[in-house]
Amino acid sequence: MMVELTPIFRDFVTGAEKLVFGEYELEGASVETEPLLNGVPYKIHRQSYDVEHRRAAGTFFTGSAKSRQIAYQLHKALPAGGLVMDPTCGIGDLLLAYAEHLPLEATLHQTLVTWGEQLSGIDLDADFVRLTKARLVLLARLRGGFTGKIDDIDRIFPQIRVGDMVQAKREVGEPDGFLFNPPFGIVKDVDECTWSAGSTNAAALFLAELVKHKKVSAPISAILPEVLRCGSRYAAFRTHLENLGVWGNYKSLGRFDAWTDVDVFSTLIVPSQKGKIWDNRCGAQDDIRVGDMFRVHVGAVVPHRHPKKGGWQRYICAKTTPKWSDEFEPSVSRRFSGTVFKPPFAVVRRTSSPSDRNRAVATVIVGDRTVAVENHLLVLLPMDDNVESCRRLVQVLASDATNTFLNAEIRCRHLTTGIVAQIPWVVPDD
(Lines give C-alpha, C1' and ligand atoms only; values in the text may rest on other atoms or scores of the structure.)
Protein backbone atom coordinates (compact mmCIF):
# COMPACT_ATOMS: atom_id res chain seq x y z
CA MET A 1 0.00 0.00 0.00
CA MET A 2 1.39 3.41 -0.98
CA VAL A 3 0.58 6.46 1.14
CA GLU A 4 0.43 9.76 -0.76
CA LEU A 5 3.21 12.06 0.35
CA THR A 6 2.42 15.40 1.97
CA PRO A 7 3.49 18.69 0.36
CA ILE A 8 5.97 19.13 3.25
CA PHE A 9 7.99 16.08 2.24
CA ARG A 10 7.63 16.77 -1.49
CA ASP A 11 8.89 20.31 -0.97
CA PHE A 12 11.85 18.86 0.92
CA VAL A 13 12.67 16.58 -2.03
CA THR A 14 12.45 19.49 -4.46
CA GLY A 15 14.76 21.53 -2.27
CA ALA A 16 17.27 18.68 -2.10
CA GLU A 17 17.30 18.45 -5.91
CA LYS A 18 17.94 22.19 -6.27
CA LEU A 19 20.78 21.95 -3.76
CA VAL A 20 22.67 19.11 -5.44
CA PHE A 21 21.95 19.66 -9.16
CA GLY A 22 22.94 23.34 -9.28
CA GLU A 23 26.31 24.93 -8.57
CA TYR A 24 27.46 23.48 -5.25
CA GLU A 25 29.52 25.13 -2.51
CA LEU A 26 31.83 22.58 -0.85
CA GLU A 27 33.19 24.69 2.01
CA GLY A 28 32.56 22.98 5.36
CA ALA A 29 30.64 20.05 3.83
CA SER A 30 31.58 16.37 4.29
CA VAL A 31 30.04 12.93 3.93
CA GLU A 32 30.06 12.50 7.72
CA THR A 33 28.34 15.81 8.56
CA GLU A 34 26.05 16.57 5.61
CA PRO A 35 22.46 16.40 6.99
CA LEU A 36 20.98 15.19 3.71
CA LEU A 37 23.15 12.07 3.93
CA ASN A 38 22.79 11.47 7.67
CA GLY A 39 19.25 11.06 8.90
CA VAL A 40 17.47 14.29 8.02
CA PRO A 41 15.35 12.80 5.17
CA TYR A 42 14.00 10.10 7.51
CA LYS A 43 13.37 12.75 10.20
CA ILE A 44 11.38 14.92 7.78
CA HIS A 45 9.40 11.89 6.67
CA ARG A 46 8.58 10.92 10.29
CA GLN A 47 7.46 14.47 10.99
CA SER A 48 5.22 14.43 7.92
CA TYR A 49 3.35 11.22 8.81
CA ASP A 50 2.12 9.43 11.89
CA VAL A 51 3.37 5.92 12.58
CA GLU A 52 0.22 4.22 11.25
CA HIS A 53 0.66 5.84 7.84
CA ARG A 54 4.31 4.80 7.78
CA ARG A 55 3.38 1.22 8.71
CA ALA A 56 0.80 1.11 5.92
CA ALA A 57 3.42 2.22 3.41
CA GLY A 58 6.25 0.17 4.92
CA THR A 59 8.41 3.31 5.04
CA PHE A 60 10.89 2.56 7.80
CA PHE A 61 14.28 3.39 6.38
CA THR A 62 17.47 1.56 7.21
CA GLY A 63 19.79 4.26 8.57
CA SER A 64 23.51 4.65 8.03
CA ALA A 65 25.01 2.17 10.52
CA LYS A 66 22.97 -0.88 9.48
CA SER A 67 23.14 0.16 5.81
CA ARG A 68 26.92 0.26 5.86
CA GLN A 69 27.11 -3.15 7.49
CA ILE A 70 25.11 -4.99 4.89
CA ALA A 71 26.54 -2.93 2.01
CA TYR A 72 30.05 -3.90 3.08
CA GLN A 73 29.26 -7.61 3.25
CA LEU A 74 27.80 -7.49 -0.26
CA HIS A 75 30.77 -5.47 -1.53
CA LYS A 76 33.13 -8.19 -0.29
CA ALA A 77 31.05 -10.87 -2.01
CA LEU A 78 30.96 -9.28 -5.49
CA PRO A 79 33.64 -8.66 -8.14
CA ALA A 80 34.43 -5.07 -9.08
CA GLY A 81 31.99 -3.55 -11.55
CA GLY A 82 29.04 -5.79 -10.68
CA LEU A 83 25.47 -4.49 -10.93
CA VAL A 84 23.78 -4.08 -7.53
CA MET A 85 20.04 -3.63 -7.04
CA ASP A 86 17.90 -2.51 -4.12
CA PRO A 87 14.43 -3.66 -5.22
CA THR A 88 12.68 -1.69 -2.43
CA CYS A 89 15.06 1.27 -2.36
CA GLY A 90 13.03 3.87 -0.45
CA ILE A 91 15.16 7.02 -0.03
CA GLY A 92 18.35 5.19 -0.98
CA ASP A 93 20.14 4.44 2.30
CA LEU A 94 21.44 1.06 1.12
CA LEU A 95 22.51 2.29 -2.31
CA LEU A 96 24.31 5.22 -0.69
CA ALA A 97 26.18 2.86 1.63
CA TYR A 98 27.24 0.71 -1.32
CA ALA A 99 28.27 3.77 -3.38
CA GLU A 100 30.77 4.67 -0.67
CA HIS A 101 32.81 1.71 -2.00
CA LEU A 102 32.58 2.68 -5.69
CA PRO A 103 35.55 4.37 -7.39
CA LEU A 104 35.58 8.04 -8.37
CA GLU A 105 36.33 9.23 -11.91
CA ALA A 106 38.02 12.44 -13.02
CA THR A 107 34.78 14.46 -13.27
CA LEU A 108 31.35 14.44 -11.69
CA HIS A 109 29.73 13.48 -15.00
CA GLN A 110 32.06 10.50 -15.51
CA THR A 111 31.56 9.40 -11.90
CA LEU A 112 27.77 9.48 -12.20
CA VAL A 113 27.91 7.52 -15.48
CA THR A 114 30.11 4.83 -13.87
CA TRP A 115 27.94 4.64 -10.75
CA GLY A 116 24.80 4.56 -12.90
CA GLU A 117 26.08 1.41 -14.59
CA GLN A 118 26.51 -0.33 -11.23
CA LEU A 119 23.52 0.87 -9.15
CA SER A 120 19.93 -0.15 -9.75
CA GLY A 121 16.83 0.44 -7.64
CA ILE A 122 13.05 0.23 -7.65
CA ASP A 123 10.46 1.94 -5.49
CA LEU A 124 6.74 2.54 -5.78
CA ASP A 125 7.03 6.23 -4.94
CA ALA A 126 8.44 8.71 -7.45
CA ASP A 127 9.52 11.16 -4.75
CA PHE A 128 11.58 8.50 -3.00
CA VAL A 129 13.29 7.75 -6.32
CA ARG A 130 13.97 11.47 -6.88
CA LEU A 131 15.48 11.78 -3.40
CA THR A 132 17.61 8.65 -3.85
CA LYS A 133 19.17 10.08 -6.99
CA ALA A 134 19.76 13.49 -5.41
CA ARG A 135 21.48 11.94 -2.39
CA LEU A 136 23.73 9.82 -4.63
CA VAL A 137 24.75 12.92 -6.57
CA LEU A 138 25.55 14.70 -3.30
CA LEU A 139 27.64 11.74 -2.13
CA ALA A 140 29.62 11.85 -5.38
CA ARG A 141 30.17 15.60 -4.96
CA LEU A 142 31.44 15.33 -1.42
CA ARG A 143 33.69 12.34 -2.07
CA GLY A 144 35.21 13.84 -5.21
CA GLY A 145 35.16 17.57 -4.45
CA PHE A 146 32.96 18.26 -7.49
CA THR A 147 31.16 21.63 -7.63
CA GLY A 148 29.84 22.01 -11.19
CA LYS A 149 26.21 22.23 -12.26
CA ILE A 150 24.42 19.17 -13.68
CA ASP A 151 22.53 19.72 -16.94
CA ASP A 152 21.33 16.23 -17.91
CA ILE A 153 19.28 15.48 -14.78
CA ASP A 154 16.91 13.09 -16.55
CA ARG A 155 19.80 10.82 -17.57
CA ILE A 156 21.22 10.38 -14.07
CA PHE A 157 21.02 6.84 -12.69
CA PRO A 158 18.74 5.42 -15.40
CA GLN A 159 18.45 2.05 -13.62
CA ILE A 160 16.90 3.61 -10.50
CA ARG A 161 13.24 4.00 -11.31
CA VAL A 162 9.64 3.94 -10.15
CA GLY A 163 8.16 0.44 -10.16
CA ASP A 164 7.06 -2.65 -8.25
CA MET A 165 9.70 -5.34 -7.63
CA VAL A 166 7.05 -8.07 -7.79
CA GLN A 167 6.14 -6.98 -11.33
CA ALA A 168 9.75 -6.36 -12.43
CA LYS A 169 10.72 -10.03 -12.74
CA ARG A 170 12.95 -9.51 -15.79
CA GLU A 171 14.90 -6.67 -14.16
CA VAL A 172 15.32 -8.64 -10.94
CA GLY A 173 16.97 -11.38 -13.00
CA GLU A 174 19.81 -9.13 -14.20
CA PRO A 175 21.77 -7.82 -11.15
CA ASP A 176 24.86 -9.53 -9.77
CA GLY A 177 23.83 -8.87 -6.15
CA PHE A 178 21.07 -7.35 -4.04
CA LEU A 179 20.73 -5.01 -1.08
CA PHE A 180 17.43 -5.66 0.64
CA ASN A 181 15.38 -4.08 3.42
CA PRO A 182 11.79 -5.02 2.53
CA PRO A 183 8.61 -3.75 4.23
CA PHE A 184 7.86 -5.51 7.54
CA GLY A 185 4.07 -5.06 7.58
CA ILE A 186 1.47 -7.84 7.63
CA VAL A 187 -0.27 -8.93 4.44
CA LYS A 188 -3.67 -10.48 5.18
CA ASP A 189 -4.58 -11.92 1.79
CA VAL A 190 -1.87 -14.16 0.35
CA ASP A 191 -2.57 -15.59 -3.10
CA GLU A 192 -0.70 -18.44 -4.78
CA CYS A 193 1.56 -18.97 -1.78
CA THR A 194 2.42 -22.59 -1.01
CA TRP A 195 4.04 -21.97 2.37
CA SER A 196 1.50 -19.68 4.06
CA ALA A 197 -2.26 -19.68 4.20
CA GLY A 198 -2.94 -16.76 6.56
CA SER A 199 -1.64 -13.32 7.46
CA THR A 200 2.02 -13.13 6.51
CA ASN A 201 4.89 -10.73 7.07
CA ALA A 202 5.48 -8.80 3.86
CA ALA A 203 9.23 -9.29 4.20
CA ALA A 204 8.79 -13.05 3.73
CA LEU A 205 6.69 -12.58 0.59
CA PHE A 206 9.17 -10.11 -0.92
CA LEU A 207 12.17 -12.28 -0.11
CA ALA A 208 10.57 -15.41 -1.56
CA GLU A 209 9.84 -13.50 -4.80
CA LEU A 210 13.37 -12.17 -4.98
CA VAL A 211 15.00 -15.58 -4.45
CA LYS A 212 12.70 -17.11 -7.05
CA HIS A 213 13.43 -14.61 -9.83
CA LYS A 214 17.05 -13.52 -9.29
CA LYS A 215 19.84 -15.29 -11.13
CA VAL A 216 21.20 -18.23 -9.17
CA SER A 217 24.64 -16.79 -8.48
CA ALA A 218 23.45 -13.42 -7.11
CA PRO A 219 23.84 -13.01 -3.31
CA ILE A 220 21.35 -11.03 -1.21
CA SER A 221 22.60 -8.87 1.65
CA ALA A 222 19.54 -8.11 3.76
CA ILE A 223 18.04 -6.82 6.98
CA LEU A 224 15.01 -8.89 7.97
CA PRO A 225 12.65 -9.17 10.95
CA GLU A 226 13.67 -11.83 13.49
CA VAL A 227 10.31 -13.58 13.22
CA LEU A 228 11.32 -14.91 9.79
CA ARG A 229 14.41 -16.57 11.25
CA CYS A 230 12.96 -18.13 14.38
CA GLY A 231 9.17 -17.84 14.39
CA SER A 232 7.43 -21.21 14.32
CA ARG A 233 4.84 -19.83 11.86
CA TYR A 234 7.64 -19.30 9.32
CA ALA A 235 9.13 -22.80 9.43
CA ALA A 236 7.50 -23.63 6.07
CA PHE A 237 8.85 -20.37 4.63
CA ARG A 238 12.40 -21.27 5.69
CA THR A 239 12.01 -24.72 4.14
CA HIS A 240 10.74 -23.03 0.97
CA LEU A 241 13.94 -20.96 0.74
CA GLU A 242 16.09 -24.05 1.33
CA ASN A 243 14.24 -25.86 -1.46
CA LEU A 244 15.07 -22.93 -3.75
CA GLY A 245 18.76 -23.69 -3.10
CA VAL A 246 19.88 -20.86 -0.82
CA TRP A 247 21.48 -20.62 2.60
CA GLY A 248 22.23 -17.66 4.85
CA ASN A 249 24.18 -16.77 7.95
CA TYR A 250 22.82 -14.28 10.45
CA LYS A 251 23.78 -11.61 12.97
CA SER A 252 21.16 -10.32 15.42
CA LEU A 253 20.99 -6.51 15.40
CA GLY A 254 18.35 -5.80 18.08
CA ARG A 255 15.62 -3.24 17.45
CA PHE A 256 15.43 -1.84 13.93
CA ASP A 257 15.54 1.72 15.27
CA ALA A 258 14.16 3.91 18.05
CA TRP A 259 10.85 4.38 16.21
CA THR A 260 10.29 0.79 15.06
CA ASP A 261 9.69 -1.86 17.71
CA VAL A 262 10.82 -4.79 15.59
CA ASP A 263 13.93 -6.89 16.26
CA VAL A 264 15.95 -7.56 13.11
CA PHE A 265 18.97 -9.49 11.88
CA SER A 266 21.38 -9.14 8.99
CA THR A 267 22.14 -11.96 6.59
CA LEU A 268 24.04 -12.75 3.41
CA ILE A 269 21.96 -15.23 1.41
CA VAL A 270 23.97 -17.24 -1.11
CA PRO A 271 23.38 -20.22 -3.42
CA SER A 272 24.06 -23.38 -1.42
CA GLN A 273 22.74 -26.80 -0.42
CA LYS A 274 24.55 -26.32 2.90
CA GLY A 275 21.61 -27.05 5.17
CA LYS A 276 19.03 -25.17 7.21
CA ILE A 277 18.98 -21.44 6.58
CA TRP A 278 19.83 -19.16 9.55
CA ASP A 279 20.60 -22.16 11.77
CA ASN A 280 23.77 -21.25 13.69
CA ARG A 281 23.37 -23.65 16.59
CA CYS A 282 25.24 -23.01 19.83
CA GLY A 283 27.29 -25.98 20.96
CA ALA A 284 27.79 -29.40 19.46
CA GLN A 285 24.76 -31.14 18.01
CA ASP A 286 25.23 -34.14 20.30
CA ASP A 287 24.91 -32.02 23.46
CA ILE A 288 22.00 -32.91 25.74
CA ARG A 289 19.04 -30.61 25.15
CA VAL A 290 15.93 -29.84 27.16
CA GLY A 291 13.91 -31.73 24.56
CA ASP A 292 15.87 -34.90 25.35
CA MET A 293 14.42 -34.92 28.87
CA PHE A 294 11.08 -33.07 28.56
CA ARG A 295 8.14 -33.07 26.18
CA VAL A 296 7.25 -29.45 25.36
CA HIS A 297 3.65 -28.34 24.72
CA VAL A 298 1.67 -25.11 24.53
CA GLY A 299 -1.00 -24.59 27.19
CA ALA A 300 -4.40 -25.45 25.75
CA VAL A 301 -6.69 -22.84 27.32
CA VAL A 302 -7.47 -19.73 25.28
CA PRO A 303 -9.49 -17.78 27.87
CA HIS A 304 -11.45 -15.52 25.49
CA ARG A 305 -12.23 -18.40 23.12
CA HIS A 306 -12.94 -21.46 25.25
CA PRO A 307 -16.27 -21.55 27.09
CA LYS A 308 -16.25 -22.61 30.71
CA LYS A 309 -17.74 -26.03 30.05
CA GLY A 310 -16.68 -29.56 30.96
CA GLY A 311 -15.25 -30.89 34.20
CA TRP A 312 -13.72 -28.74 36.92
CA GLN A 313 -9.94 -28.49 36.60
CA ARG A 314 -7.24 -26.72 38.51
CA TYR A 315 -6.19 -23.75 36.35
CA ILE A 316 -3.03 -21.64 35.92
CA CYS A 317 -2.23 -18.63 33.76
CA ALA A 318 0.85 -16.49 33.22
CA LYS A 319 -0.37 -13.63 35.44
CA THR A 320 -1.15 -15.71 38.52
CA THR A 321 1.66 -18.29 38.42
CA PRO A 322 4.60 -17.22 40.63
CA LYS A 323 7.94 -16.85 38.88
CA TRP A 324 10.74 -19.30 39.73
CA SER A 325 8.78 -21.26 42.33
CA ASP A 326 10.04 -24.85 42.60
CA GLU A 327 6.79 -26.06 44.19
CA PHE A 328 3.54 -24.33 43.23
CA GLU A 329 0.25 -26.14 43.73
CA PRO A 330 -2.65 -24.41 41.94
CA SER A 331 -5.78 -23.61 43.93
CA VAL A 332 -7.90 -21.81 41.33
CA SER A 333 -10.31 -23.91 39.24
CA ARG A 334 -12.36 -23.50 36.08
CA ARG A 335 -14.40 -25.75 33.80
CA PHE A 336 -12.51 -26.98 30.73
CA SER A 337 -13.04 -29.87 28.32
CA GLY A 338 -9.71 -29.76 26.45
CA THR A 339 -6.18 -31.05 27.09
CA VAL A 340 -5.00 -30.97 30.71
CA PHE A 341 -1.69 -31.95 32.29
CA LYS A 342 -0.84 -34.08 35.33
CA PRO A 343 1.83 -32.77 37.74
CA PRO A 344 4.68 -32.72 38.22
CA PHE A 345 5.65 -30.51 35.31
CA ALA A 346 7.22 -27.10 34.66
CA VAL A 347 5.77 -24.11 32.86
CA VAL A 348 7.63 -21.34 31.05
CA ARG A 349 6.17 -17.98 30.05
CA ARG A 350 5.93 -17.69 26.28
CA THR A 351 6.28 -13.91 26.23
CA SER A 352 10.01 -13.26 26.26
CA SER A 353 12.09 -10.32 25.07
CA PRO A 354 15.85 -9.98 24.54
CA SER A 355 15.68 -7.04 26.94
CA ASP A 356 14.42 -9.29 29.79
CA ARG A 357 16.84 -10.24 32.54
CA ASN A 358 15.81 -13.90 32.07
CA ARG A 359 14.41 -15.20 28.80
CA ALA A 360 12.86 -18.46 30.07
CA VAL A 361 11.02 -17.73 33.33
CA ALA A 362 9.89 -21.05 34.84
CA THR A 363 7.74 -22.52 37.61
CA VAL A 364 7.41 -26.10 38.89
CA ILE A 365 3.79 -27.25 39.19
CA VAL A 366 2.96 -29.92 41.79
CA GLY A 367 -0.21 -31.53 43.19
CA ASP A 368 -2.49 -34.53 42.74
CA ARG A 369 -5.04 -33.01 40.36
CA THR A 370 -4.77 -32.44 36.61
CA VAL A 371 -4.25 -28.83 35.55
CA ALA A 372 -5.63 -26.75 32.68
CA VAL A 373 -2.95 -24.37 31.43
CA GLU A 374 -3.38 -21.04 29.65
CA ASN A 375 -1.87 -20.74 26.18
CA HIS A 376 0.57 -18.02 27.29
CA LEU A 377 2.50 -20.76 29.11
CA LEU A 378 4.61 -23.57 27.68
CA VAL A 379 4.28 -26.91 29.49
CA LEU A 380 7.37 -29.10 29.98
CA LEU A 381 6.53 -32.68 31.01
CA PRO A 382 9.45 -34.66 32.49
CA MET A 383 9.95 -37.97 30.73
CA ASP A 384 10.81 -39.61 34.07
CA ASP A 385 7.73 -38.06 35.82
CA ASN A 386 10.07 -36.83 38.57
CA VAL A 387 9.63 -33.48 40.32
CA GLU A 388 13.39 -33.27 40.94
CA SER A 389 13.95 -33.23 37.18
CA CYS A 390 11.62 -30.22 37.01
CA ARG A 391 13.62 -28.46 39.72
CA ARG A 392 16.89 -29.10 37.89
CA LEU A 393 15.21 -27.74 34.76
CA VAL A 394 14.44 -24.47 36.56
CA GLN A 395 18.14 -24.15 37.38
CA VAL A 396 19.04 -24.73 33.74
CA LEU A 397 16.53 -22.14 32.51
CA ALA A 398 17.73 -19.53 35.01
CA SER A 399 21.36 -19.87 33.90
CA ASP A 400 23.41 -17.39 31.90
CA ALA A 401 23.99 -20.16 29.34
CA THR A 402 20.25 -20.33 28.61
CA ASN A 403 19.98 -16.55 28.26
CA THR A 404 22.95 -16.52 25.90
CA PHE A 405 21.50 -19.32 23.80
CA LEU A 406 18.03 -17.75 23.52
CA ASN A 407 19.37 -14.27 22.77
CA ALA A 408 21.38 -15.75 19.91
CA GLU A 409 18.64 -18.02 18.61
CA ILE A 410 15.33 -16.16 18.99
CA ARG A 411 15.00 -12.39 19.09
CA CYS A 412 11.25 -12.26 18.50
CA ARG A 413 9.00 -11.73 21.51
CA HIS A 414 7.59 -15.22 22.04
CA LEU A 415 9.34 -18.49 22.83
CA THR A 416 8.39 -21.51 20.75
CA THR A 417 8.18 -25.17 21.68
CA GLY A 418 10.95 -25.93 19.19
CA ILE A 419 13.44 -23.42 20.54
CA VAL A 420 12.79 -24.39 24.19
CA ALA A 421 13.38 -28.03 23.31
CA GLN A 422 16.74 -26.99 21.79
CA ILE A 423 18.03 -25.23 24.94
CA PRO A 424 21.32 -26.93 25.98
CA TRP A 425 21.13 -28.80 29.30
CA VAL A 426 23.75 -26.78 31.18
CA VAL A 427 23.36 -26.96 34.97
CA PRO A 428 25.13 -23.98 36.59
CA ASP A 429 27.77 -24.56 39.24
CA ASP A 430 26.60 -24.06 42.83
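A salt bridge here is a side-chain nitrogen of Lys or Arg within 4 Å of a carboxyl oxygen of Asp or Glu. By that rule, the structure holds eleven salt bridges. What you are looking at is a predicted model, in which local features need pLDDT of at least 70 and side-chain atom pairs count only at pLDDT 80 or more, while totals for chains, interfaces and linings use all residues. Residues are numbered from 1 along each chain as its sequence is written, and side-chain values use heavy atoms, with hydrogens and water left out.

Let's begin with one of those salt bridges. R10 pairs with D127, and their closest N and O atoms are 3.0 Å apart. This pair links distant parts of the chain, since R10 sits in helix α1 and D127 in helix α7, 117 residues apart. Helices (H or I, at least four residues) and strands (E, at least two) are DSSP runs, numbered from the N terminus.

Now look at those two helices as a pair. Helix α1 (residues 7-21) packs with helix α7 (residues 126-144) at an angle of about 30 degrees, and their axes are 9 Å apart. That makes α1 roughly parallel to α7. Axes are lines fitted to C-alpha atoms, for helices over the stretch in contact, and angles run from 0 to 180 degrees between N-to-C directions. Angles under 35 degrees count as roughly parallel, over 145 as roughly antiparallel, 65 to 115 as roughly perpendicular and the rest as oblique. Which residues of α1 and α7 make the contact? On the α1 side they include F9, R10, F12 and V13, and on the α7 side they include D127, F128, R130 and L131. Contact means heavy atoms within 4.5 Å.

A204, L207, A208 and V211 of α9 meet F237, H240 and L241 of α11.

Next come the sheets. Strands of a sheet pair through backbone hydrogen bonds, either parallel or antiparallel. In this description, two strands pair if DSSP finds at least two bridges between them. Strand β12 (residues 312-316) runs antiparallel to β13, joined by three bridges, and Q313 has R334 of β13 as its bridge partner. With β16, β12 pairs in the parallel sense over three bridges. There, Y315 stands opposite A372 in β16.

Another open sheet has four strands in the order β11-β17-β14-β15, with antiparallel pairing. Its edge strands are β11 (294-298) and β15 (362-365), each pairing on one side only. On average, neighbouring strands of this sheet are turned by 25 degrees against each other, direction ignored. Five bridges join β11 to the antiparallel strand β17 (residues 377-382), where V296 has L380 of β17 as its bridge partner. To finish the tour, find helix α12 (residues 387-397), which lies across β11, β14 (345-349), β15 and β17 and runs at about 175 degrees to β15.
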